[in-house]
Amino acid sequence: MSVLANLKKELISISTATDIGFNSTPTIKQQIETLAESLEILNPTVKPTSFMELVKGRWQLLYSTFGLERETTLQRLSFGKLPNVTVNVTGIFQEVYLDGQQYINLIEFTVGSDVKGIAAVTGRYRVEDSKRLNIDFLETSVKSASNDLDVSTFRSCLGIDSQSALESKLDFSGWSDITYLDENLRLMRGNNQNLYVLVRTN
């Protein structure tokens, strides 16, 4: 197995064990950072934004240094736009599409013991340079993850009334650098150099 393959395998294994970073320690954080830096040096895709077809699709976030907490609120997940309902984060995904240059962050969560939902932050990307994407965030929304749960019942499970918004417009921008990219692994660094480790998923 090549050096690159070994580094990837180790980074994915350690990142997965952190449960999106919720279970990481200072020692593990340093291990992941060291592995990420080693992979970035060996990046097989020198100009990642010239190969957006490699970026498109659905990706699962294995680890980040963003500082998201497992127990949080819809309000925090939506930049203050959605109701202040306490939720538990169970998974984070990102979908990127060439059509319309869509850039969508999806946060799966639970409320209580059996209600599952998805909070979405939808944006549009613009290529800035060989590795940087500028992101214009346009909308945030929340919905039930269960097809058999209607909106009214979902609102009731969240403990909110019919006047509380389940979607809202956004109007701000951010950026992310793609620092490693291949067919199934992507590393990104965003504001404050936060590290994100993502793997391709169906």
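Helices (H or I, at least four residues) and strands (E, at least two) are DSSP runs, numbered from the N terminus. By that count the chain holds five helices and nine strands, and one of these elements, strand 5, contains Ala 120. The model is a predicted one, in which local features need pLDDT of at least 70 and side-chain atom pairs count only at pLDDT 80 or more, while totals for chains, interfaces and linings use all residues. Residues are numbered from 1 along each chain as its sequence is written, and side-chain values use heavy atoms, with hydrogens and water left out.

Read from the N terminus, the order of elements is α-α-α-β-β-α-β-β-β-β-α-β-β-β. The C-alpha trace spans about 55 × 35 × 30 Å along its principal axes. The radius of gyration, taken over C-alpha atoms, is compared with a globule rule of 2.2 Å times the number of residues to the power 0.38. For 202 residues a compact globule would have a value near 17 Å, and the 18 Å of the chain agrees with this.

Residues are called buried under 20% relative accessible area, exposed over 50%, and partly exposed in between (1.4 Å probe, protein chains only). Of the 202 residues, 45% are buried. Accessible areas come from the Shrake-Rupley method with a 1.4 Å probe, and for residues only the protein chains shown count as cover. The chain exposes about 10600 Å², of which carbon and sulfur atoms supply 48%. A contact means heavy atoms within 4.5 Å. Among contacts with a separation of 6 or more, 58% link residues 24 or more positions apart.

Next come the strands. Two strands pair if DSSP finds at least two bridges between them. Strand 5 (residues 115–127) runs antiparallel to strand 6 (residues 132–144), with 11 bridges between them. A hairpin of four residues connects strand 5 to strand 6, and Ala 119 stands opposite Val 142 of strand 6. Strand 6 also pairs with strand 7, again in the antiparallel sense, through nine bridges. In this pairing Asn 134 faces Trp 175 of strand 7.

Ala 120, in strand 5, is buried because its relative accessible area is 11%. Leaving aside neighbours within four places in sequence, Ala 120 is in contact with Asn 105, Leu 106, Glu 139, Thr 140 and Ser 141. The C-alpha atom of Ala 120 lies 8.5 Å from that of Lys 143, which is 23 residues away along the chain. Ser 176 belongs to strand 7 (residues 167–181) and counts as buried because its relative accessibility is 11%. Not counting residues up to four places away in sequence, Ser 176 touches Tyr 103, Lys 131, Arg 132, Leu 133, Met 188, Arg 189 and Gly 190.

The loops hold two residues with a particular backbone angle. Most residues other than glycine have a negative phi. Ile 20 is not a glycine, yet its phi is positive, about 65°. Ile 20 sits in the loop between helix 1 (3–17) and helix 2 (26–41), and is buried because its relative accessibility is 10%. Phe 79, also not a glycine, has a positive phi of about 60°. Phe 79 is placed in the loop between helix 4 (74–77) and strand 3 (86–97), and its relative accessible area of 45% makes it partly exposed.
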